[in-house]
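Morning, everyone. I have one structure to walk you through today. Please have a look at it first.

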Amino acid sequence: MKIGICGLGTVGGGTVNVMTRNSAEIAARCGRSVEIVQVGARRDNPDCDTSNINVSREIFDVANNPDVDVLVELIGGTTVARELVLTAIANGKHVVTANKALIAEHGNELFAAAAAKGVTIAYEAAVAGGIPIIKSLREGLAGNRIEWLAGIINGTGNYILTEMREKGRSFEEALSQAQALGYAEADPTFDVEGIDAAHKLVIMASLAFGMPLAFDKVFTEGISGVAKDDIQYADELGYRIKHLGIARRTGEGVELRVHPTLIPERRLIANVNGVMNAVLVNGDAVGPTLYYGAGAGAEATASAVIADIVDVARTLNVRPDQRVPLAGVTQESQGDLDEVLSMDDAETSYYMRISAFDKPGVMSKVATICSEQGISIEALIQHEPAEGEELVPVVLLTSRAREAQLQEAVSQIEALDTIQGPVVRIRVEPLG
Ligand SMILES: NC(=O)C1=CN([C@@H]2O[C@H](COP(=O)(O)OP(=O)(O)OC[C@H]3O[C@@H](n4cnc5c(N)ncnc54)[C@H](O)[C@@H]3O)[C@@H](O)[C@H]2O)C=CC1
Ligand SMILES: N[C@@H](CC=O)C(=O)O
Ligand code: NA
């Protein structure tokens, strides 16, 4: 089987290196030889030896090369990448990609094009890097009705939160380090503002719930507003702050949300640190299952890219309509997009940090506002004000309620004249 790789950056370089190093194992697993016949790259990668490979500076040469059976798209972005993948499909090539933005935003179109042409698009590396989560959702858990899943699905974000908590590093310092390690997206706002996690969440939700990809329906909040103080208060309350993607089926529809979340520290997923990712999936038959591993990095991601190449090799002689469906269920069985709920209808609880003037009666007003919204206060921290300080931080955890009620309570608290500035609020999930 002949492979053409487009993009020779972090993941492209890692893929060439691992394929070269493990060529004997890969061939044995495929039952045929697998050879990289062309690489399309604007520039060489000093970490990767391509002296024995035909390298073109024009990636469309690869998509139009009649010798290439499988095009591996590792350039990133959604414009050129979409065109490249559509060209490869039109030329009858199978596609392997690590590009979650491409699948989340154009997957419905690309899957239809691939199905019409009888080729495969494989995208294991697109979610949670090296963790075989696509395969687990689509194949390993195929006997279950999946009720919910929640994951730390951005390595850069988890690395930043971990460095802030464990080493007291600043947000900016930790982000620069994640970029130097090759974890971050070309535009790191995708990582820190939750866009990358939203891309990955819709891919998982589509597989788990048999629905079309609905990227524009995800509620997305990043980690750029998480302060060191909140990480410390969360610790004091027995929680860790993680950036989670959550997809949950409720009686009314599907919640799709990405936001910083307090998780009880006793949960395994609360202890997933650094660039590691983890996805917790709850199936009706199997119960909770947890998948853990490196969410980013050259070789960890290459591991997933190559697993897809092996999968394609194993199905080359299988009739297209007999292969594993690209979206988890057959196209005609996909549900409706209207099922995605508005964030107002999501059920969660809040961590709130309030800057209150050190005067009597403040807490009773906050408690009254909460109780009028049907929310109770489950835990509270109030330290002595610092010397000469008029303001005192008050931290509380609420009971579960609809997002709309929690937001209403926050607005009323912010309107009190005994409170200063906005209320810091982070959602809390028990995950069990
Ligand atoms: N870095 C990571 O740990 C992970 C990355 N991914 C995804 O893998 C893909 C690649 O990411 P990285 O390797 O990190 O990016 P990168 O920026 O290191 O590499 C991309 C390479 O593609 C080249 N390229 C882009 N457009 C091109 C064009 N039109 N013609 C020729 N070359 C072009 C760039 O010059 C660069 O060398 C992205 O979709 C990313 O989201 C997925 C999982 C993990
Ligand atoms: N930038 C992404 C790369 C992997 O998908 C991340 O940090 O998780
Ligand atoms: Na994966």
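Let me begin with valine 11, which is buried, with 28 other C-beta atoms within 10 Å. Please keep in mind that this is a predicted model. Valine 11 is part of helix H1, which runs over residues 10–21.

What does valine 11 touch, leaving aside its neighbours within four places in sequence? The list is Leu74, Ala98, Ala125, Ala298, Thr301, Ala302 and Val305.

Glycine 13 has 26 other C-beta atoms within 10 Å, so it is buried. Its contacts, again leaving aside neighbours within four places in sequence, are Leu8, Asn45, Asp47, Cys48 and Ala298.

An unreviewed UniProt entry annotates a "binding site" over Cys6, Gly7, Leu8, Gly9, Thr10, Val11, Gly12 and Gly13.

**Ligand 1**

On to the ligands. Around ligand 1 there are 27 residues. Which of them come nearest? Those are Gly7, Gly9, Gly76, Ala98 and Ala296.

Helix H1 is back in the picture here. With 3 residues, H1 gives the most to the shell around ligand 1. Sorted by class, that shell holds 12 nonpolar, 11 polar and 4 charged residues.

Now the domains. The assignment for the protein chain lists domain 1 (2–131 + 299–333), domain 2 (135–294) and domain 3 (346–428). Which domains each give at least three residues to the shell around ligand 1? Domain 1 and domain 2 do.

**Ligand 2**

Next, ligand 2. The residues around it are Gly129, Asn154, Gly155, Thr156, Tyr183, Ala184, Glu185, Asp191, Asp196, Gly295 and Ala296. By class, the shell of ligand 2 splits into 3 nonpolar, 5 polar and 3 charged residues.

Let me pick out glutamate 185. The loop between helix H8 (171–180) and helix H9 (189–192) holds glutamate 185. Is glutamate 185 buried or exposed? The cut-off for buried is 20 or more other C-beta atoms within 10 Å. Glutamate 185 has 20 C-beta neighbours inside 10 Å, so it counts as buried.

Leaving aside neighbours within four places in sequence, glutamate 185 contacts Phe190, Asp191 and Asp196. The unreviewed UniProt entry has a "binding site" annotation on Glu185 as well.

**Helix H10**

A quick stop at helix H10, residues 195–209. H10 has 15 residues. From first C-alpha to last, H10 reaches 21 Å, close to the 21 Å expected at 1.5 Å a residue. How many of the residues of H10 are buried? The count is 15 of 15, and H10 is mostly covered. Just after H10 comes glycine 210, with a positive phi of about 65°.

**Valine 324**

Last stop, valine 324. Valine 324 lies in the loop between helix H12 (298–315) and strand S13 (347–357). Why does valine 324 count as partly exposed? Because valine 324 has 15 C-beta neighbours inside 10 Å.

Not counting residues up to four places away in sequence, valine 324 touches Arg138 and Glu139. Now look at lysine 135. Valine 324 and lysine 135 are 189 residues apart along the chain, and their C-alpha atoms are separated by 9.9 Å.

That's my tour. Over to you.

Methods
Residues are numbered from 1 along each chain as its sequence is written. Chains are lettered from A and ligands numbered from 1 in the order in which they are written. This is a predicted model: local features need pLDDT of at least 70, side-chain atom pairs count only at pLDDT 80 or more; totals for chains, interfaces and linings use all residues. A residue is near a molecule or strand if its C-beta atom, placed from the backbone, lies within 6 Å of it. Ala, Val, Leu, Ile, Met, Phe, Trp, Tyr, Cys and Pro count as nonpolar, Asp, Glu, Lys and Arg as charged, and the others, Gly among them, as polar. Helices (H or I, at least four residues) and strands (E, at least two) are DSSP runs, numbered from the N terminus. The expected span of a helix is 1.5 Å times one less than its number of residues. A residue is buried if 20 or more other C-beta atoms lie within 10 Å of its own, exposed if 12 or fewer, and partly exposed in between; C-beta atoms are placed from the backbone. UniProt positions are given in the numbering used here, feature names are shortened, and annotations may be inferred rather than shown by experiment. Two residues are in contact if their C-beta atoms, placed from the backbone, lie within 7 Å. Domain bounds come from an automatic or database domain assignment.
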